[in-house]
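Biologist: Please take me through one part of this model up close, and then show me a few other spots worth a look on screen.

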Amino acid sequence: MTRAPAVGIPEELSARVPVEQRGPGLDRDGVRLLVSRGTEVSHHAFGELPGLLRAGDLLVVNTSPTLAAAVDGRAGHARVVVHFSTRGDDGRWAVELREPDGRGTTRARGAVTGLPRARAEGVRGRGCGGLAGTRVRLPGGARMVLEEPLSARGERLWWARVSGVAVPALLREHGRPIRYSYTERDQPLSVYQTVFALPSDDGTGSAEMPSAARPFTARLVAELVSRGVQFAPVRLHTGVASAESHEPPYPERFAVPDASARLINAVRAGDGRVVAVGTTAVRAVESAAGDDGVVRARAGWTDLVVTPERGVRVVEGLLTGLHEPEASHLLMLEAVAGRAAVDRGYEAAVRDRYLWHEFGDVHLLLP
């Protein structure tokens with residue numbers, strides 16, 4: 001599933017803080033916008049987006065809120081950080097156990113010694129690997145037991161059962177946003193919420209920000225609407241990404257409401273273009289599309305991985321962040337725009353010093 005890197009990304013091109021913290025007078029829309037139309041590339045400010053779209057175009061946006069999904073814990077004598085990824089239908093949570101790296105961020109779990117095993121009988125997955133049955137003490141008197149790997153693909157994510165407190169309440173009280181080593185410091189949760197985020201009834205959301213939508217401001221949305229650009233909300237709760245190994249995404253919970261499905265189909269039947277804001281929006285919409293290309297209201301779990309071989313049935317354009325060359329997300333970009341367009345765009349992004357990751361610049365791929 002992985003893609004051979006086309007270019008190398010210099011470390012200094014990682015966006016270490018949000019754009020609004022880089023200088024006075026800057027807002028979220030102060031990032032740069034790289035536009036690819038096939039293999040033709042042009043450079044813009046993100047605030048120019050309304051002039052790059054046209055009346056009748058449709059932006060599909062993800063309304064999932066970002067959770068404060070990182071919580072400190074103790075497993076025996078070892079300090080750990082638990083990344084809460086996804087809530088299962090049975091009340092368990094998929095989690096990743098990581099090690100503090102001494103710099104306020106984390107690294108993948110190595111050979112952590114002294115992890116205690118659960119004594120309670122009936123814990124599932126006891127034969128599934130060295131972590132099965134591991135007990136973790138969490139703040140506020142909460143306890144967590146790792147039960148079984150989420151997937152046969154590996155043991156990075158585990159199904160875990162939490163007792164003593166509801167997980168959404170635990171995250172609100174003791175959690176912080178997940179951040180990686182290329183960022184400079186912790187940020188408040190508000191920095192990771194997009195203008196489209198809506199609270200969910202059950203307190204769930206995305207472990208990591210649907211970051212392609214971060215540069216939008218209420219002012220810019222109003223301008224887009226005034227120019228005849230429409231918005232279709234969908235929801236996909238993103239799980240924890242694989243920072244080290246760039247795995248394909250695991251199954252995620254999504255919903256495409258009936259009103260959005262009808263709007264998408266109407267735009268496709270007319271002269272407008274369906275442009276997804278983020279790879280999460282692509283996954284949600286394409287999961288709700290039939291073989292005939294018609295989008296129908298759907299909700300549940302999706303295990304769809306969009307690749308060039310599978311292709312896209314609905315999405316014609318994509319607004320997305322800049323991904324590392326090894327990231328599986330690039331397969332989705334190629335499915336939308338073709339490999340030549342992606343390679344040419346990334347070459348231009350490196351050459352012109354665009355910034356990468358969730359606080360960085362963005363890339364608009366159009367037909």
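Modeller: Happy to! Start with helix α7, where Ala341, Val342, Asp343, Gly345, Tyr346, Ala348, Ala349 and Val350 are buried, meaning under 20% relative accessible area, with exposed being over 50% and partly exposed in between (1.4 Å probe, protein chains only). Helices (H or I, at least four residues) and strands (E, at least two) are DSSP runs, numbered from the N terminus. This is a predicted model, so local features need pLDDT of at least 70 and side-chain atom pairs count only at pLDDT 80 or more, while totals for chains, interfaces and linings use all residues. Residues are numbered from 1 along each chain as its sequence is written, and side-chain values use heavy atoms, leaving out hydrogens and water.

What sits over those buried residues of α7? The cover includes strands β1 (32–37), β2 (40–45), β15 (317–321) and β16 (362–366), together with helix α6 (329–337); a contact here is a pair of heavy atoms within 4.5 Å. Just after α7, Arg353 has a positive phi of about 65°.

Now move to Thr66, in the loop between β3 (58–62) and β4 (70–75). Thr66 is buried, at 4% relative accessible area. Beyond its neighbours within four places in sequence, its contacts are Leu189, Tyr192, Gln193, Ser206, Glu208, Met209 and Pro210. Pro210 is 144 residues away along the chain, yet its C-alpha lies 7.7 Å from that of Thr66. The Thr66 side chain also reaches the backbone oxygen of Tyr192 at 2.8 Å.

Last, look at Arg92. Its side chain meets that of Asp90 in a salt bridge at 2.8 Å, N to O, where a salt bridge is a side-chain nitrogen of Lys or Arg within 4 Å of a carboxyl oxygen of Asp or Glu. Asp90 is partly exposed at 40%, whereas Arg92 is buried at 5%. Arg92 also forms a salt bridge with Glu147, with the closest N and O atoms 2.9 Å apart. Glu147 is in strand β9 (residues 143–151) and Arg92 in the loop between β5 (78–87) and β6 (93–100), so this pair ties together parts 55 residues apart in sequence. Through shared partners, salt bridges join Asp90, Arg92, Glu147, Glu148 and Arg161 into one network.

Key:
Polar contact = N/O pair within 3.5 Å; in protein donor to acceptor, adjacent residues only side chain to side chain.
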